[in-house]
Amino acid sequence: MLSHRKSCYCAFCKIERKVYANKHLRLIDVMALIGFGVVLTFTVFKSLDPRGLAIVGTLLVIGELFAQTKWRTAMICRNCGFDPVVYVRNPEAAGLKIKAFLEKRSESPEHLLMPPVVLPKKPVKGKNLSLKV
Ligand SMILES: [Zn+2]
């Protein structure tokens, strides 16, 4: 598939990363899968056959599952483990996932050369710093 990625910043560690822009199959992907299904139908049945629709349908379902899985796995930050999808549903669970990821990260040699995670600081209670000039 033709990948279409866009740059964004992690909301937790503020590192630039790339994510897939489309959660679902694009029109060009659907057309490519239909074309591949037609070629596969010709290969299997030696002509256009109604059973080829089952092949095309199966290819479209597999392609959609693959596109959604690819989008979902790309949403998780590889530097800090922040998952914005989980954060929208349950912020505490997202925090626990980040904590577990950071503990695993400190023991893993894969992350030795990656930039350090700068944890966000808690706001000072009782003081509204945004009003200071
Ligand atoms: Zn991050």
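Reading along the sequence, we get β-β-α-α-α-α. That is two strands and four helices in the protein. Before I go on: this is a predicted model.

Some overall numbers. The protein has 133 residues, and 8% of them are buried. Now take contacts between residues at least 6 apart in sequence. Of these, 45% join residues at least 24 apart.

Let's start with the helix pair. Two packed helices are described by the angle between their axes and the distance between the axes. Here α1 covers residues 27-45 and α2 covers residues 52-75. Their packing angle is about 140°, and the axes are 9 Å apart. Angles over 145 would count as roughly antiparallel. The pair is therefore oblique. As for handedness, α1 and α2 make a right-handed crossing.

Which residues make the contact? From α1 come D29, V30, L33, I34, F36, G37, V38, L40, T41 and F45. From α2 come G52, I55, V56, L59, L60 and G63. By type, the contact has eleven nonpolar residues, four polar and one charged.

Next, the loop that joins these two helices. K46 sits in the loop between α1 and α2. Its phi is positive, about 65°, and K46 is not a glycine. Most residues other than glycine have a negative phi. Buried or exposed? K46 counts as exposed, because it has 8 C-beta neighbours inside 10 Å, and the cut-off for exposed is 12 or fewer.

There is a second case, in the strand region. K14 lies in the loop between β1, residues 5-9, and β2, residues 16-20. Phi of K14 is near 65°, again a positive value in a residue other than glycine. K14 has 12 C-beta neighbours inside 10 Å, so it counts as exposed.

Now the core. In soluble globular proteins, nonpolar side chains tend to be buried together. The largest nonpolar core in this model has eight residues. They are F12, C13, C77, C80, F82, I98, F101 and V117.

Take C13 from that set. What does C13 touch, not counting residues up to four places away in sequence? The list is C77, N79, C80, F82, V117 and V118. Among them, C77, C80, F82 and V117 are also on the core list.

Then look at G81. This glycine is in the loop between α2 and α3, with α3 running over 84-89. G81 is buried, because 21 other C-beta atoms lie within 10 Å. The cut-off for buried is 20 or more. Leave aside the neighbours within four places in sequence, and G81 is in contact with I76, K97, I98, F101 and L102. I98 and F101 are core residues too. On K97: G81 and K97 are 16 residues apart along the chain, and their C-alpha atoms are separated by 6.9 Å.

T73 is in α2. T73 has 11 C-beta neighbours inside 10 Å, so T73 counts as exposed. How far is T73 from Y20, in sequence and in space? The two are 53 residues apart in sequence, and 9.6 Å apart C-alpha to C-alpha. Y20 falls within β2, residues 16-20.

First, the oblique pair α1 and α2, with its right-handed crossing. Second, the eight-residue nonpolar core, C13 included.

Notes: Residues are numbered from 1 along each chain as its sequence is written. This is a predicted model: local features need pLDDT of at least 70, side-chain atom pairs count only at pLDDT 80 or more; totals for chains, interfaces and linings use all residues. Axes are lines fitted to C-alpha atoms, for helices over the stretch in contact, and angles run from 0 to 180 degrees between N-to-C directions. Angles under 35 degrees count as roughly parallel, over 145 as roughly antiparallel, 65 to 115 as roughly perpendicular and the rest as oblique. A crossing is left-handed if the near helix is turned anticlockwise from the far one by less than a right angle, and right-handed if clockwise. Two residues are in contact if their C-beta atoms, placed from the backbone, lie within 7 Å. Ala, Val, Leu, Ile, Met, Phe, Trp, Tyr, Cys and Pro count as nonpolar, Asp, Glu, Lys and Arg as charged, and the others, Gly among them, as polar. A nonpolar core is a set of buried Ala, Val, Leu, Ile, Met, Phe, Trp, Tyr and Cys residues joined through C-beta atoms within 7 Å.
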